[in-house]
Amino acid sequence: MKQQVKDVPHYINGKFVTTVQEEVFENISPFTNQTINRVASGNKADIDLAVDAAKKAFYGEWGQLKIKERLAYIYKIADVIDEHIDEIAPLESFDTGLPISQTKKMVSRAAYNFRFYAEMVATRMVGEAYQVDDEFLNYTIHKPVGVAGLITPWNAPFMLETWKLAPALATGNTVVLKPAEWSPLTANRLAEIIDKVGLPDGVFNVVHGYGETAGAALVSHPDVPLISFTGETTTGSEIMKNGADSLKRFSMELGGKSPIIVFEDADVERALDACTWGIFSFNGERCTANSRLYVHESIASTFIEQLKERIFNIKVGDPLNENTQVGPLIHKEHYENVRSYLDLAKEEGCEVISGHAPRNSEGNYVPPTLILHAKNNMRIVQEEIFGPVIAAMTFTDEAEVIHLANDVRYGLAGYVWTKDIQRGHRVAQAIDSGMLWVNAQNVRDLRTPFGGSKHSGIGREGGHYAFDFYTETQIIHVALKDHYIPQFGK
Ligand code: NAD
């Protein structure tokens with residue numbers, strides 16, 4: 001696996017620039033643990049320049065465009081991404097260790113994010129009118145908020161960056177993106193694409209760097225009224241504290257520890273496919289991964305035997321190989337953290353069954369792993385491991401499994417497998433999570449709300465729900481005739 005990659009600069013005010021203080025950090029390959037390239041390491045001074053440019057663009061050319069003209073840029077971005085899928089996907093795999101067969105789909109979805117939001121703004125960004133007899137007509141309009149700060153993680157970088165960028169730009173905001181420091185390459189490619197499309201200077205800016213420096217400066221900047229964040233729950237809470245003084249509007253997409261519940265009447269073969277894909281796709285570094293399996297005790301031994309078989313057959317290897325299903329984890333530090341949970345599982349008295357990983361590799365490989373004899377109160381069940389690791393447990397009745405599924409601090413997603421239609425709905429509605437799938441893997445419908453409850457998030461993005469975050473809803477009250485006005489002091 002070889003790629004020649006240039007050093008990565010920031011993209012500020014329509015130009016690719018180095019850090020004001022000339023600082024850089026090294027970007028490390030998950031496959032070799034060798035340096036890939038150097039990346040500009042932004043600080044407050046760089047964020048200040050980027051926010052300044054974004055603010056000028058918001059009040060300048062971008063803010064003056066007709067909707068049709070603005071959306072023409074959004075469609076064009078989608079087209080250029082589509083034209084470059086075969087080049088962006090390998091770059092993403094090279095940087096993150098995600099298998100190429102999966103990054104190709106993510107990049108294609110990234111293009112669709114732009115097309116989808118162009119269509120949404122054209123057709124669904126509508127206000128409401130409230131008639132009050134023949135006296136008043138009150139109506140709402142949506143206005144862009146200003147400079148949107150977007151802070152993104154490394155687990156599906158290009159897709160997640162565009163998932164935020166598309167609605168932010170389509171609704172008329174300007175943007176400063178702070179991508180994750182472990183996956184800077186495709187964020188830079190996104191800047192190149194937008195540069196090629198020719199958006200006015202300052203509409204889109206990228207400042208690379210660490211969360212504690214570049215990220216924190218963006219969060220506390222007084223001219224950034226909204227922050228859309230995806231990442232760990234603890235980081236989200238820190239960011240909310242840091243943004244409190246400037247009264248930021250936040251969208252928080254945080255961690256998860258989602259259950260998959262397989263009842264005794266489930267279509268076992270399909271449930272098994274969904275369970276295996278749901279935890280081992282994206283190398284297990286997936287916010288909506290079904291990392292807790294609850295299988296009914298009457299089918300548990302067969303289900304778990306078959307899951308074991310799958311685990312040993314999963315193809316773990318070079319992320320750039322089309323046949324690879326699981327690649328190396330993003331970073332040595334994350335790898336050590338995931339491995340530490342496997343040791344913890346053994347200490348907690350579990351059986352840890354691991355599939356195969358490449359031998360003699362320098363990559364951050366954790367083999368697909370199944371943990372047996374887990375109990376709900378164990379740390380490996382309560383905490384997000386964010387790797388290819390699933391904890392299996394059994395249950396006897398519906399009330400028990402609902403209790404177990406809800407007995408964690410997270411509430412992002414959930415999956416229920418049963419052929420009993422009433423039970424399917426009942427259990428789905430009883431699970432405390434933002435999103436539930438019945439007899440399905442995680443298939444997204446972009447029109448629907450995306451987000452978590454409890455410690456998995458605040459707010460919803462997706463569909464028209466994104467308008468609540470990326471726009472200001474203004475109400476205009478218009479008197480249609482002379483209504484009564486008290487005449488104080490007359
Ligand atoms: P992270 O919280 O470590 O980092 C995310 C981003 O925040 C990075 O860009 C980082 O530089 C920045 N950051 C860190 N500290 C900051 C600070 N003090 N101020 C401002 N920015 C700061 O998360 P990660 O390890 O990159 O990503 C994995 C996490 O993301 C997992 O918990 C996963 O579940 C979650 N995730 C959630 C969703 C969702 O939609 N709910 C989607 C994908 C990933």
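The ligand lies between two domains, because domain 1 (10-254 + 456-475) and domain 2 (259-438) both give residues to the shell around it. The model is a predicted one. In this model, the space taken by the ligand is the largest pocket, and 30 residues surround the ligand.

**The shell around the ligand**

- The closest of the surrounding residues are Lys178, Glu181, Thr235, Leu254 and Glu384.
- Sorted by class, the shell comprises 15 nonpolar, nine polar and six charged residues.

**The pocket and the elements that contribute to it**

- Helix α8 gives the most to the shell, with four residues.

- In threonine 235, a polar side-chain atom lies 2.6 Å from an oxygen atom of the ligand.
- In glutamate 232, the atom concerned belongs to the backbone: an N or O atom there lies 2.9 Å from an oxygen atom of the ligand.
- Glycine 211 likewise places a backbone N or O atom 3.3 Å from an oxygen atom of the ligand.

Technical notes
Residues numbered from 1 in each chain as written. Predicted model: local features only at pLDDT ≥ 70, side-chain atom pairs only at ≥ 80, totals over all residues. Heavy atoms only, no water. Near = heavy atom within 4 Å. Polar contact = N/O pair within 3.5 Å; in protein donor to acceptor, adjacent residues only side chain to side chain. 1 Å grid on protein atoms, 1.4 Å probe; cavity = no way out; pocket = protein on both sides within 12 Å on 5 of 7 lines; lining within 4 Å. Sits in = over half its atoms within 2 Å of the grid points. Helix = DSSP H or I, 4+ residues; strand = E, 2+ residues; numbered from the N terminus. Nonpolar A, V, L, I, M, F, W, Y, C, P; charged D, E, K, R; others polar. Domains from an automatic or database assignment.
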